[in-house]
Amino acid sequence: MCGIIGFTGQTEAAPILLEGLRRLEYRGYDSSGVVIGNGTKLTMRKKAGRIAELTKHLAASPAPGTCGISHTRWATHGPATDANAHPHFDTDGNVAVVHNGVIENYMALKQTMQEAGTEFRSDTDTEVLAHLIGRYYQDDLLSAVKAALAHVKGTYGIAVVCRREPGVIVGARLGSPLVIGIGPDGHYLASDANALAGYATQVVYLNDRQICQLDAESWVIRNQDLDTVDSPLQDIGQFLGIGDAELNGYPHFMLKEIYEQPETIANAMRGRLDDGDATAHFGGLNLDIKQLRSIDRVLMTACGTSYHAGMVGEYLFEELARMPVEVEYASELRYRNPPIDRHTIVLAITQSGETADTLAALRESKRMGHTTLAICNVVGSSIAREAEGGVYLHAGPEIGVASTKAFTSQSVTLAMLALYFGRMRHLSHAQGTEIIRELRRLPEVVRETLRCHDRVKEIARKYAHASSMLFLGRQYLYPVALEGALKLKEISYLHAEGYPAAEMKHGPIALVDADTPSVFLVPRGNVFDKVMSNMQEIKARGGPVIAVCSPNDRDVASLADDVIPVPDVPEYLQPIVVSIPLQLLAYEIALVRGCDVDKPRNLAKSVTVE
Ligand code: F6R
């Protein structure tokens, strides 16, 4: 979603801001802009469309100076136009603001200001903030920002510059991340540490309701009373290496990340499997054994792909730990009032750690007194910091908008957690040892699974222009069917539905015709025969069938039009293996259809608004 990068230092700001914006491109956006200060002059340049448009505009009309702020906007209030792109000025052009988040009471504020004669140049909620700060400005930007924010309801991560305070950037956050970067050439303010790799050596995160001020030589973070806050500096190397956010020879981040999975799965397990006790260990759960034993129910909450991983977790916890699990969309949970008892833990699952609904659901659960844990990829993200304990995925930055490696790392982490809770309850040492053995094989099995790529490419060419696709699986593979359909929709714009295979008789089977292929997830397992019957039902109605199945499965091959064999693993690990050909299928179909895989239309990597 929207991204912010600001710089104040010894060198020209424009190239740094443009490079920072490029690194934030993956979050999804539809316009971008910069404002750069040179002495007491602020020069603004902004453009709808890709950052390439802004780069061209800046080449033709440069914005010199060593202090500036910039933004990628994902339209919420008003269409993606030059006028709606950030930054926004106040009436006098004294103050310029970029903003992530949503000002919920902007209509009321705007109306009051319009009645007092203020003219607005955009449809955005952000412009209200610029005018408010402008009104409060006397001789101190930080105080003006603080005073303006007191009127605002909603969420924000903002960066502000002022013509009368050259070299100064003020930032503030409430519900939308901001991080200060400290580097040899100056100071940075960004919404995502990814933008700072190679520039900053250390970072420091702002917490909600904090406000910061930076110039070329110094930085400070203050609380609501404007007292200085001591905030821990962290080495940026802890978060990512420069190469992590680059393509390293792959045509797209999505493909790079699909191929990283043998390694990312190994990273999720590194140091966590304990052969002696036949269990898993997690350093960050922050719960003692008594608390852990008292947990008798898990409420998982997440959005999108992470929600599908939560559904896999539900099957895993039921089978391996015999624990009841409920999985709830975070956007629903946050407004529900479910009767959760004291022995329920709330587990938020999130790649970015910044998804607005997941963060809100976590906060609401905490407020109600529940123990909250998180499975999260981005170190230092809001959810990672606010959950009482949790497990990092260590999957490295996921830049492709379509989540791939995070899903498999989340699934393997949930398998380890289920093993851990299972061993505290009914799983025997021998059963634990067997599960560990299977987990250890996974990176190699996934490497072998990736060899299906050429086969998947052929299948993609054959079906890329289908009118719609069904993804069907049962039990552990039902969430994978949902995930396969989501992947295809989001990057190829081909309509797809995921269903529990037997459920399609209750309606969706009406869609089946020669133009509507069904992808059956049918490796050998408990429900194999049942899924085969469901496949017969589709074939009987003339629907083409693509089957992801066990190696050399003649029964499947005799019925399906196309098969994608994947290595055999126990059913509780099938979601990981089976999701890989589905990721590749979505990728290859998107390519045939000429779609921009890493920047799908309308989507954002990190959904920081409700
Ligand atoms: C789909 C996708 C999204 C995210 C969802 C949650 O490919 O990426 O559905 O899974 O927005 O994001 P996180 O996991 O960052 O909370």
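This report describes the overall build of the chain and then one of its helices, α4.

The model is predicted. Its secondary structure comes to 19 helices and 26 strands. Along the principal axes, the C-alpha atoms fill a box of roughly 75 × 55 × 45 Å. A compact globule of 610 residues would have a radius of gyration near 25 Å, and the chain agrees, with 25 Å.

Buried residues make up 61% of the 610 residues. Among contacts with a separation of 6 or more, 71% join residues 24 or more positions apart. The chain exposes about 22500 Å². Carbon and sulfur atoms supply 48% of that area.

Charge is also counted. The chain carries 59 positive and 73 negative side chains. The centres of these two sets lie 1 Å apart.

Now to helix α4. This helix spans residues 126–136 and is mostly covered. How many of its 11 residues are buried? Nine are. They are T126, E127, V128, L129, A130, H131, L132, I133 and G134.

What covers the buried residues of α4? The cover includes both helices and strands, listed here with their residue ranges.

| Element covering α4 | Residues |
|---|---|
| Strand β5 | residues 88–89 |
| Strand β6 | residues 95–100 |
| Helix α3 | residues 106–115 |
| Helix α5 | residues 141–149 |
| Strand β7 | residues 156–162 |

Key. Residues numbered from 1 in each chain as written. Predicted model: local features only at pLDDT ≥ 70, side-chain atom pairs only at ≥ 80, totals over all residues. Heavy atoms only, no water. Buried < 20%, exposed > 50% of the residue type's maximum accessible area, 1.4 Å probe, protein only. Helix = DSSP H or I, 4+ residues; strand = E, 2+ residues; numbered from the N terminus. Contact = heavy atoms within 4.5 Å. Rg over C-alpha atoms; globule rule 2.2 N^0.38 Å. Areas by Shrake-Rupley, 256 points an atom, 1.4 Å probe, with all protein chains shown as cover. Lys, Arg positive; Asp, Glu negative; His and termini not counted. Charge placed at Lys NZ, Arg CZ, Asp CG, Glu CD.
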